[in-house]
Amino acid sequence: VLRPLLDSIYADWDFQSDDAISKRYKKLYSMEDSLSIHWTLLEYFRYMNHPKSYNRDFGAYLNGDFKLGDIREADGLAMHWYARNLRILRHIQQITTSPDDRIMVIYGAGHMGILHHLFECTPEYKLVEFGEM
């Protein structure tokens, strides 16, 4: 039932947007890739795990193909991207066996804006930021 709806929502999406903001994100990603060559892994992780990085990276999904048409693309983002992150949270809940469990979650930067929010709002977990350990 959901697959035909998603197919119709994503019919015009190619995830290769050529608008000005998407071009700026592509340059940013290229610059960030070069940082990983010149910085230590710890320096790179600190940069990528900064709250401004979470918000900036999530912002990439609110441009480009997101702006095709009227609101159909907002529905697509909600059904696909947000749901994907809710599933990640649910999988983590399923592997948790006791309140004393410590779980490290490593995901791409685009996920972290939503995952950060989900873990802040979930009372059964205490979110420990990178660098607080």
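Colleague: Where does lysine 126 lie, and does lysine 126 count as buried or exposed?

Modeller: Lysine 126 lies in the segment after helix 6, where helices (H or I, at least four residues) and strands (E, at least two) are DSSP runs numbered from the N terminus. This is a predicted model, in which local features need pLDDT of at least 70 and side-chain atom pairs count only at pLDDT 80 or more, while totals for chains, interfaces and linings use all residues. Residues are numbered from 1 along each chain as its sequence is written, and side-chain values use heavy atoms, with hydrogens and water left out. Buried means under 20% relative accessible area, exposed over 50%, and partly exposed in between (1.4 Å probe, protein chains only); lysine 126 counts as exposed because its relative accessibility is 68%. Lysine 126 is also 24 residues from arginine 102 in sequence, with 9.6 Å between them in space, C-alpha to C-alpha.

Colleague: Which residues does histidine 116 touch, once residues up to four places away in sequence are not counted?

Modeller: Contact means heavy atoms within 4.5 Å, and on that basis histidine 116 touches Tyr54, Leu127 and Glu129. Histidine 116 is found in helix 6, and it counts as buried because its relative accessible area is 13%.

Colleague: Which residues of helix 4 are buried, and what covers them?

Modeller: In helix 4, which spans residues 51-59, the buried residues are Ser53, Tyr54, Asp57 and Gly59. Their cover includes helix 2 (20-38), helix 3 (41-48) and helix 6 (109-121).

Colleague: Which residues make up the largest nonpolar core?

Modeller: A nonpolar core is a set of buried Ala, Val, Leu, Ile, Met, Phe, Trp, Tyr and Cys residues joined through side-chain atoms within 4.5 Å. The largest one here has twelve residues: Tyr54, Leu77, Trp81, Ile88, Leu89, Ile92, Met112, Ile114, Leu115, Leu118, Phe119 and Tyr125. At least two residues of this core come from each of helix 5 and helix 6. Leucine 89, one of the core residues, is in contact with Leu118, Phe119 and Thr122, leaving aside its neighbours within four places in sequence.

Colleague: How many aromatic pairs are there?

Modeller: A pair of aromatic rings is described by the distance of the centres and the angle of the planes. Rings of Phe, Tyr and Trp (its six-membered ring) pair if their centres lie within 6.5 Å, with planes under 30 degrees apart counted as stacked, over 60 as edge-to-face and the rest as tilted. By this rule there are five aromatic pairs. One of them joins tryptophan 39 and tyrosine 47 edge-to-face, at 5.6 Å centre to centre and 80 degrees between the planes. Tyrosine 61 and tryptophan 81 are stacked, at 4.4 Å centre to centre and 20 degrees between the planes. That pair links distant parts of the chain, 20 residues apart, since tyrosine 61 is in the loop between helix 4 and helix 5 (72-95) and tryptophan 81 is in helix 5. Tyrosine 61 is partly exposed because its relative accessible area is 31%, whereas tryptophan 81, at 7%, is buried.

Colleague: How many residues line the largest pocket?

Modeller: The lining of the largest pocket has 31 residues, and Ile103, Met104, Val105, Leu127 and Val128 lie nearest its centre. The elements giving two or more residues to this lining are helix 3 and helix 6, and helix 6 gives the most, with five. A pocket, on a 1 Å grid over the protein atoms alone, is an open set of points where a 1.4 Å probe fits, with protein on both sides within 12 Å along at least five of seven lines, and lining residues have an atom within 4 Å of a point.
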